[in-house]
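Dear colleague,

Please find below the structure that I am handing over to you.

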Amino acid sequence: MSLINKMLQDLDARGGQDAQGVPGQVKPVPLPERGVPVRAIGIGVALVALIGAGSYAAWRYTHRVQPPAAKPGAVFASTAATQAPAATGAAPIARVPAAAGTGDPT
């Protein structure tokens, strides 16, 4: 402990600095200002937006609503009934049942 006291006393006697060892133009470097890291915040916001958009697109892709499948027979029957007269150009003929008791008058 006495060695430390002796060194402190020598330092106080010299004035706290060694004038020969340090030039007068040397100045301490100031600490950098602590500001908001704009670049890091921008990258973070871009990553969050990209992950959000990708998640939404994946959710939409996996939850697609597909139209209900129609029965094949029902589709062909309705299509044939509506397209047959138009395709031939003739109107459909209605059959009238014969009345009972009527015959040929000849």
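**Findings**

Helix α1 has 13 residues, which at 1.5 Å a residue should span 18 Å; the C-alpha atoms at its ends lie 19 Å apart, so the two values agree.

The mean pLDDT of the protein is 75, and 56% of the residues score at least 70. Confidence is highest in α2, at 96, and lowest in helix α3 (residues 72-88), where the mean is 55. Where pLDDT is low, the predicted coordinates should not be read in detail.

As to the overall arrangement, the protein contains three helices and zero strands. Read from the N terminus, the order of its elements is α-α-α. Of the 106 residues in the protein, 0% are buried. The protein exposes about 10,700 Å², and 65% of this area is supplied by carbon and sulfur atoms.

One surface feature deserves a separate mention. Which residues form a nonpolar patch on the surface? The patch consists of Val-36, Val-38, Ile-41 and Val-45, which together have about 400 Å² of accessible area. Of these residues, Val-36 is placed in the loop between α1 (2-14) and α2 (38-62). Is Val-36 buried or exposed? Its relative accessibility is 61%, and because the cut-off for exposed is over 50%, Val-36 counts as exposed.

Yours sincerely,

A colleague

Conventions:
Residues numbered from 1 in each chain as written. Predicted model: local features only at pLDDT ≥ 70, side-chain atom pairs only at ≥ 80, totals over all residues. Heavy atoms only, no water. Patch = residues over 30% accessible without salt bridge, like charges linked within 9 Å, V, L, I, M, F, W, Y side chains within 5 Å. Areas by Shrake-Rupley, 256 points an atom, 1.4 Å probe, with all protein chains shown as cover. Salt bridge = Lys/Arg side-chain N within 4 Å of Asp/Glu carboxyl O. Helix = DSSP H or I, 4+ residues; strand = E, 2+ residues; numbered from the N terminus. Buried < 20%, exposed > 50% of the residue type's maximum accessible area, 1.4 Å probe, protein only. pLDDT = per-residue confidence, 0-100. Expected span 1.5 Å × (residues − 1).
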